Amino acid sequence: MLCISVKEFLLWKKKQLSKGGDNQSFAFLIECLGGISKSDLNFLGLNPENKLYLKKNLDHLESIWDDHLLNSSPIQYLCEMAFWRNLKLKVTNKVLIPRPETELIVDIVFKIFGKKSQKLFFAELGTGSGAISIALVLDYPSWEGIATDIDQDVLEIATENFINSSSQSNLSFYCGHWWNPLQSFKGKLDFAISNPPYIPADTYEKLPKEVKNFEPKIALIGGEDGLKHTREIIQKAPLFLKEKGWLILENHFDQGEKVKQLLLKNKFTSIEIVNDLSGIGRFTIGRYK
Ligand SMILES: C[S@@+](CC[C@H](N)C(=O)[O-])C[C@H]1O[C@@H](n2cnc3c(N)ncnc32)[C@H](O)[C@@H]1O
């Protein structure tokens, strides 16, 4: 712990922000590595004579901030942490930083199934940091989930995040290509959920460097038209879902109608494109017969 005066800290903060970057990323750094919450940071100026206790010294925090500014490194990777819904998750450059717009996918599940205490069995394909599955099993302790990913290193981070968030044992992790690890669960899932890689290959090339240079390519690109993985997930879903089981998918901002057509072609019913908070058709859901 480093003890400094608020006055000294505020001068240092002003210097850091004058180099560039945004207040939000700076507050994230100070919260994750300095141990000062965003709200405490906002009110520091009220008592400049007070003392402040920081978990890391200013030189260390400055070197991280400089790395963020000079190399466009995402602040979440530099701090190895992301906040998502009410979760605090470990992230490394092996896993996608869970996005705020994805948070709504959990509410879609809650809206479909309500606050009933029935026992449900679900799978998440491509779990990354584990965010979606962990949020689901924490809110519904009677549910049982299986979270998969193609990358064992990713699953190790997701498992660590689950252990750190919960003392429950209702989430298991399996490695493999989409449905492959779920062979023994054919016809048993009440619902399956996925935020698959869906960026078209040419769009990927134009992504900002903080995404392209740092986030795992395998988590982002969905083939030429972006729908390669979505297509495969939809085609095989009927084998794994129970009758009337739901498939809940996130898609790129302009893919809703195409995903809807894929679901129709594969005999799904009750299909709906659900908007995110910006009014974009970000999710497409359907029920197998
Ligand atoms: C867009 S990320 C979503 C991560 C996380 N669910 C989220 O919403 O933040 C897609 C995930 O799918 C995984 N993935 C990519 N190809 C896969 C495949 N063929 N089979 C299973 N998972 C795959 C990636 O490793 C990545 O973790």
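Ser270 counts as partly exposed, because its relative accessibility is 43%; the class runs between buried (under 20%) and exposed (over 50%), with a 1.4 Å probe and protein chains only. This is a predicted model, in which local features need pLDDT of at least 70 and side-chain atom pairs pLDDT 80 or more, while totals for chains, interfaces and linings use all residues. Residues are numbered from 1 along each chain as its sequence is written, and side-chain values use heavy atoms, without hydrogens or water.

Ser270 sits in strand β10. Strands are DSSP runs of E, at least two residues; helices are runs of H or I, at least four. The backbone of Ser270 has a positive phi, near 45 degrees, although the residue is not glycine. Lys267 also has a positive phi without being glycine; its value is near 70 degrees. Lys267 belongs to the loop that links α12 (256–265) to β10 (268–275). Lys267 is classed as exposed because its relative accessibility is 52%.

## The ligand site

How many residues surround the ligand? There are 18, each with a heavy atom within 4 Å of the ligand. Gly126, Asp149, His177, Trp178 and Asn195 are the closest. By type, the shell holds nine nonpolar, seven polar and two charged residues. Here Gly counts as polar, while Asp, Glu, Lys and Arg count as charged.

The side chain of Asp149 places an N or O atom 2.7 Å from a ligand oxygen. His177 also uses its side chain: one of its polar atoms is 3.0 Å from a ligand nitrogen. Ile150 uses its backbone, with a polar atom 3.3 Å from a nitrogen of the ligand. On its own, the ligand has 590 Å² of accessible area, and the protein covers 96% of that. The area comes from the Shrake-Rupley method with a 1.4 Å probe.

His68 is part of helix α4, which spans residues 58–71. Is His68 buried or exposed? His68 is buried, because its relative accessibility is 14%. The His68 side chain comes within 2.7 Å of the backbone oxygen of Ser73.

Helix α7 covers residues 131–139. Seven of its nine residues are buried, so the helix is mostly covered. Those buried positions are Ala131, Ile132, Ser133, Ile134, Ala135, Leu136 and Val137.

Helix α8 runs over residues 152–165 and includes Asp153. Why is Asp153 classed as partly exposed? Its relative accessibility is 36%. Asp153 and Glu243 lie 90 residues apart in sequence, and their C-alpha atoms are 34 Å apart in space.

## The loop at Pro196

Pro196 is in the loop joining β8 (189–194) to α9 (201–205). Pro196 counts as buried because its relative accessible area is 2%.

Methods: Polar contact = N/O pair within 3.5 Å; in protein donor to acceptor, adjacent residues only side chain to side chain.
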